[in-house]
Amino acid sequence: MKSHQYVLIMAGGVGARFWPASREQRPKQFLDITGTGRSLLRSTFERCAQIVPPGQIYIVTNASYAAQVAKHLPELKPEQIFMEPSRNNTAPCVAYASLKLAKRDPQGVCLVAPSDHLIGDEEAYVSTVRRAMEYAAQHRVLITLGMTPTRPDTGYGYIHYEKQAIADRVHPVKRFTEKPDLAVAQQFVASGDYLWNSGMFIWSLDAVLDAYARYASTTYEILKAGVPHYFTDREPAFLADQYPRTEKTSVDYAILEQADNVCVVPAEFGWSDLGTWNSLYEKMEKDGNGNVRVHQPVVSYQCSNTLVHTIDGKLVVTAGLKDFVVVAEDDVVLVFPRHREQEIKELRKQIAARGLDQYL
């Protein structure tokens, strides 16, 4: 069955909450945000290459990022980079890529993975995905990987699931709840009946396209009309004309919250979606005062629980900070309370409103 297995990596986002490191023309998937010497996209590709051969890995990204994808992943052939002409969220992204893959191999089974996640235990990750792909190849289900919540985080989606498994670690899903308020998140975590939705999915192309036809028919019909053009020189013109017409919504809202064949595989492999500076702080190694230094040089005096991110050998000196994020770029310095990092998106809107788009 391995010849019919594929990985689809979504790499078209902006990573707005990682500003000012992440910019419109240089989003976080192309950054070495963790100080490993590799971009997040490169790390994701190398991890997925342990599951399928590189020739069976495809990237879907905004057309403006295609050159950056090729630079970070020189192993890929041009036909392995799928280019969206507009940002319409993950539902059209997954539908388009699934239709393209199905044109080549209708029997395919696919892992859909974001390009900017952090995985601590790659061996456990690879093993979990392989088992889920084997199950998806034999059953008409939509599988998501679920993580045990460690805190009542309002930035994640939650999965209410049946505790009784229907197969090895495969559980039916009762309900999805996207980003609840704090009180609801606290109830979910306390109950022990919920998992975080990791945003990583496994399914057969046949099963997911059937779900689109049933629950997101507008987007499906628009993009299905392009199948004769996919992998030809007519594809860019078709997409430029039709893709912006698709519904701008997430794959979670479009199909997963409505389908009756959704399952979850509870997984433990040191996952973080790295959605915010605080999520990076939580995953990074800390000194005796709880400080995190991403890249060097950094000198901290009487600081605690503070993350400092610098670039290109720029010295950053901090004193008396507690629970802060400090990001020093060439043209922007951000000093911000660590637990308010969800507000960085709003800050970017204010910067744009002042006509300072060059800093975004």
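Modeller: Let's start with a term we'll need: a crossing is right-handed if the near helix is turned clockwise from the far one by less than a right angle, and left-handed if anticlockwise. Keep in mind that this is a predicted model.

The helix I'd pick is α3, and its crossing with α7 is right-handed. The axes of α3 and helix α7 (residues 217-224) come within 10 Å and cross at roughly 40°. Angles under 35 degrees would count as roughly parallel and 65 to 115 as roughly perpendicular, so α3 ends up oblique to α7. On the α3 side, Pro 92, Ala 95, Tyr 96 and Leu 99 do the touching, and they meet Thr 219, Tyr 220, Leu 223 and Lys 224 of α7. Sorted by class, that contact has six nonpolar residues, one polar and one charged.

Now for α6. Helix α3 covers residues 90-104 and α6 covers residues 205-215; their axes also come within 10 Å, but the angle here is roughly 135°. These two are therefore oblique to each other as well, and α3 passes α6 in a left-handed crossing. From α3, the contact takes in Thr 90, Ala 91, Val 94, Ala 95, Ser 98, Leu 99, Leu 101 and Ala 102, while α6 brings Leu 205, Val 208, Leu 209 and Tyr 212. No charged residues turn up in the contact of α3 with α6: there are ten nonpolar and two polar ones.

Of its 40 lining residues, the closest to the centre are Gly 13, Arg 17, Asn 89, Thr 90 and Lys 179. Helix α3 is one of the elements that supply at least two lining residues each, along with β9 (194-204), α9 (251-256) and α11 (344-353). The largest share, four residues, comes from β9. By class, the lining has eleven nonpolar, 17 polar and twelve charged residues.

One last stop is Lys 179, one of the residues closest to the pocket centre. Lys 179 sits in the loop between β8 (171-178) and α5 (182-191). Its phi is near 45°, a positive value in a residue other than glycine.

Key:
Residues are numbered from 1 along each chain as its sequence is written. This is a predicted model: local features need pLDDT of at least 70, side-chain atom pairs count only at pLDDT 80 or more; totals for chains, interfaces and linings use all residues. Side-chain values use heavy atoms; hydrogens and water are left out. Axes are lines fitted to C-alpha atoms, for helices over the stretch in contact, and angles run from 0 to 180 degrees between N-to-C directions. Angles under 35 degrees count as roughly parallel, over 145 as roughly antiparallel, 65 to 115 as roughly perpendicular and the rest as oblique. Contact means heavy atoms within 4.5 Å. Ala, Val, Leu, Ile, Met, Phe, Trp, Tyr, Cys and Pro count as nonpolar, Asp, Glu, Lys and Arg as charged, and the others, Gly among them, as polar. On a 1 Å grid over the protein atoms alone, a cavity is a set of points where a 1.4 Å probe fits but cannot get out, and a pocket is an open set with protein on both sides within 12 Å along at least five of seven lines; lining residues have an atom within 4 Å of a point.
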